[in-house]
Amino acid sequence: MRRALASLLLVAAASGCSLGRSSAPPSPYCRVGDPLAGVYHPSRLHVKSRCRIAVGVVEKVKFEAYDGDVHIDLRPDDPDLLSRGNEQVGGDLVVELIPQDRSRVAIPEPGTRVSVVGPWVHDEAHDWMEIHPAWWISAGRVQPATAGELRRVQQLLSGVEGVAEEDDG
C-alpha cells in the first residue's frame, strides 16, 4: 500500500500535478469557473491565460449595437500581450466588456491610463489578442447595459431564430 501511494505521488509530481494549493491568482478580480461565460461565440476564442492583467492607455471606446459589447482599444505597456494580428486595430490590445458585466465594470474614457483584468485570448476569427471579457477596469464610470441590449445578447446566446448572424467584431 505504501509503495502504491509513493508511486502515485511520484507520477503526480512528474506530471506537474500539485497536491497543495495552487498559486494565488494575479488579481482579486479573477473569476472561477468558465472564463468565457456570457461571451457570444466563445468557440472563436482560444484562452491563453484564464486571468491576466493588462496596463495601458485607452485609445478608443466603441459601443457595439450587434451584441452589446463595449470594445476598448488599449495601448498596452507590455507589447508581449499583442500578436501581429493586433496591427489590424492600430497595434492595440482589444478589450471587450460584455453587457452582463456592465453594471459592475467601469467604462474608461479615451486617454485614460487603466489596468484591466480578464481572460487573455486569441480571437481566431480576427487573428488578434484580446482581454475578453473584461472583469475589472480600474478607471471610468459604470454604465449598465440597457434592457434592449441585455435582451438582444440573451437572444444571441440562446440561438433564437430571427437574430441576424452578422458580427462586426
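The torsion about the S-S bond of C30 and C51 is about -80°, so this disulfide (a pair of cysteine sulfur atoms within 2.5 Å) is left-handed. The two sulfur atoms sit 1.9 Å apart, and the structure holds one disulfide. Keep in mind that this is a predicted model: local features need pLDDT of at least 70, side-chain atom pairs count only at pLDDT 80 or more, and totals for chains, interfaces and linings use all residues. Residues are numbered from 1 along each chain as its sequence is written, and side-chain values use heavy atoms, with hydrogens and water left out.

**The disulfide in its setting**

- The pair links distant parts of the chain, 21 residues apart: C30 is in the loop between α1 (2–14) and β1 (45–63), while C51 is in strand β1.
- Helices (H or I, at least four residues) and strands (E, at least two) are DSSP runs, numbered from the N terminus.
- Both C30 and C51 are buried; buried means under 20% relative accessible area, exposed over 50%, and partly exposed in between (1.4 Å probe, protein chains only).

**The overall chain**

- The protein chain has two helices and six strands, and along the sequence they follow the pattern α-β-β-β-β-β-β-α.
- Of its 169 residues, 40% count as buried.
- Among contacts (heavy atoms within 4.5 Å) with a separation of 6 or more, 68% come from residues 24 or more positions apart.

**A buried glutamate**

- E130 lies in strand β5 (residues 128–131).
- E130 is buried yet has no salt bridge, and the nearest side chain of opposite charge, R44, is 5.1 Å away.
- A salt bridge is a side-chain nitrogen of Lys or Arg within 4 Å of a carboxyl oxygen of Asp or Glu; for charge, Lys and Arg count as positive and Asp and Glu as negative, while His and the chain ends are not counted.
- The side chain of E130 makes a polar contact of 2.7 Å with the side chain of W128, and another of 2.7 Å with the side chain of H132.
- A polar contact is a pair of N or O atoms within 3.5 Å; within protein, one must be able to donate a hydrogen and the other to accept it, and residues adjacent in sequence count only if both atoms are side-chain atoms.
- Leaving aside residues up to four places away in sequence, E130 touches several residues, including L45, L93, V94 and W120.

**Aromatic pairs**

- A search of the whole structure finds two aromatic pairs. Rings of Phe, Tyr and Trp (its six-membered ring) pair if their centres lie within 6.5 Å; planes under 30 degrees apart count as stacked, over 60 as edge-to-face and the rest as tilted.
- The rings of Y29 and W136 have centres 4.3 Å apart and planes at 5°, so this pair is stacked.
- Y29 lies in the loop between α1 and β1 and W136 in strand β6 (residues 136–137), so the pair ties together parts 107 residues apart in sequence.
- The rings of Y40 and Y66 have centres 5.8 Å apart and planes at 55°, so this pair is tilted.
- Y40 is buried, and so is Y66.

- Most residues other than glycine have a negative phi, and most peptide bonds are trans.
- H41, in the loop between α1 and β1, has a positive phi of about 55° although it is not a glycine.
- D127, in the loop between β4 (113–123) and β5, has a positive phi of about 60° and is not a glycine either.
- A cis peptide bond joins H132 and P133, with omega about 0°.
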